[in-house]
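Let us read a structure together, one feature at a time. Have the sequence and the model ready.

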Amino acid sequence: RSLDFGQNFQAVVTSGYVEHLAVAPSNDQVIYAGWHPQYNSNVGQIRKTIDGGQTWQQVDLDLPAGRRIIEVRVTPQDENCVYILTGPRDIFRSDDGGAHWVSLGSMFNNRVIDMALDPFDPDGLYASVTDPSAFNQGHLYHSDDRGVTWSYLAQQGGFIWTHSQIP
């Protein structure tokens, strides 16, 4: 971590590999990390700090085992509402700072390749999904209820990648 805007750095995670970091927009002291014991591992954990990175604790005790943490997103309004994209390709949401998780992507059959929060809707979420066919079509879905239900938006040849700030 850096306390002087990147002039100097202090190691706060001394083992493993961090795949993704997400700072809570509503509280910059709350940061979530997708941590793995080694690079390209499917033994991911969600670690959280509430003191700007001085100390970290594992907070994903009920997340299914054998998952690689690919992306972490924290909603702008609530530092305890966290979304993660995992491998196998699924989306999970926690409403209590990472203590409990619910799968949001079961209808996609492990084909989610990207996700993004909707910057205009606090309950909105986008998911980009691959097609299992040989034509490799990309599909874009939107949820306006935090991933409980999904609406189909678009199809395109190849993959559809979402932008983390503006889908």
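Q: Which residues is alanine 127 in contact with, leaving aside its neighbours within four places in sequence?
A: Contact means heavy atoms within 4.5 Å. Alanine 127 is in contact with Ile91, Phe108, Val112, Asp114, His139, Leu140, Tyr141 and Trp150.

Q: What should I know about the model before going on?
A: This is a predicted model: local features need pLDDT of at least 70, side-chain atom pairs count only at pLDDT 80 or more, and totals for chains, interfaces and linings use all residues. Residues are numbered from 1 along each chain as its sequence is written, and side-chain values use heavy atoms, with hydrogens and water left out.

Q: Which residues touch the most other members of the largest nonpolar core?
A: A nonpolar core is a set of buried Ala, Val, Leu, Ile, Met, Phe, Trp, Tyr and Cys residues joined through side-chain atoms within 4.5 Å. Buried means under 20% relative accessible area, exposed over 50%, and partly exposed in between (1.4 Å probe, protein chains only). The largest core has 15 residues. Tyr83, Ile91, Phe108, Val112, Leu125, Ala127 and Trp150 touch the most other members. Strands S6 (82-87), S9 (112-117) and S10 (125-130) each give two or more residues to this core. Strands here are DSSP runs (E, at least two residues), numbered from the N terminus. Another core lies apart from it, with 14 residues, including Ile46 and Leu63.

Q: How do I read a pair of aromatic rings?
A: A pair of aromatic rings is described by the distance of the centres and the angle of the planes. Rings of Phe, Tyr and Trp (its six-membered ring) pair if their centres lie within 6.5 Å; planes under 30 degrees apart count as stacked, over 60 as edge-to-face and the rest as tilted. The structure holds 4 such pairs. Tyrosine 17 is in strand S1, and tyrosine 39 is in the loop between S2 (31-36) and S3, 22 residues apart.

Q: Are tyrosine 17 and tyrosine 39 exposed or partly exposed?
A: Tyrosine 17 is partly exposed, at 30% relative accessible area. Tyrosine 39 counts as exposed, at 56%.

Q: Why is the pair of phenylalanine 108 and tryptophan 150 edge-to-face?
A: Their planes stand at 65 degrees and their centres are 5.3 Å apart, so the pair is edge-to-face. Phenylalanine 108 and tryptophan 150 are both buried. Phe108, Tyr141, Trp150 and Tyr152 form one aromatic cluster.

Q: How many salt bridges are there?
A: A salt bridge is a side-chain nitrogen of Lys or Arg within 4 Å of a carboxyl oxygen of Asp or Glu. The whole structure has 4. Arginine 68 and glutamate 19 form one, at 3.1 Å, N to O. The two lie 49 residues apart, arginine 68 in strand S5 (68-74) and glutamate 19 in strand S1. Glutamate 71 and arginine 73 form another, at 2.9 Å, and both are buried.

Q: Which residues do salt bridges with shared partners join into one network?
A: Start with arginine 93 and aspartate 95, whose closest N and O atoms are 3.1 Å apart. Arginine 93 is buried, at 10%, and aspartate 95 is partly exposed, at 36%. The network joins Arg93, Asp95 and Arg146.

Technical notes. Helices (H or I, at least four residues) and strands (E, at least two) are DSSP runs, numbered from the N terminus.
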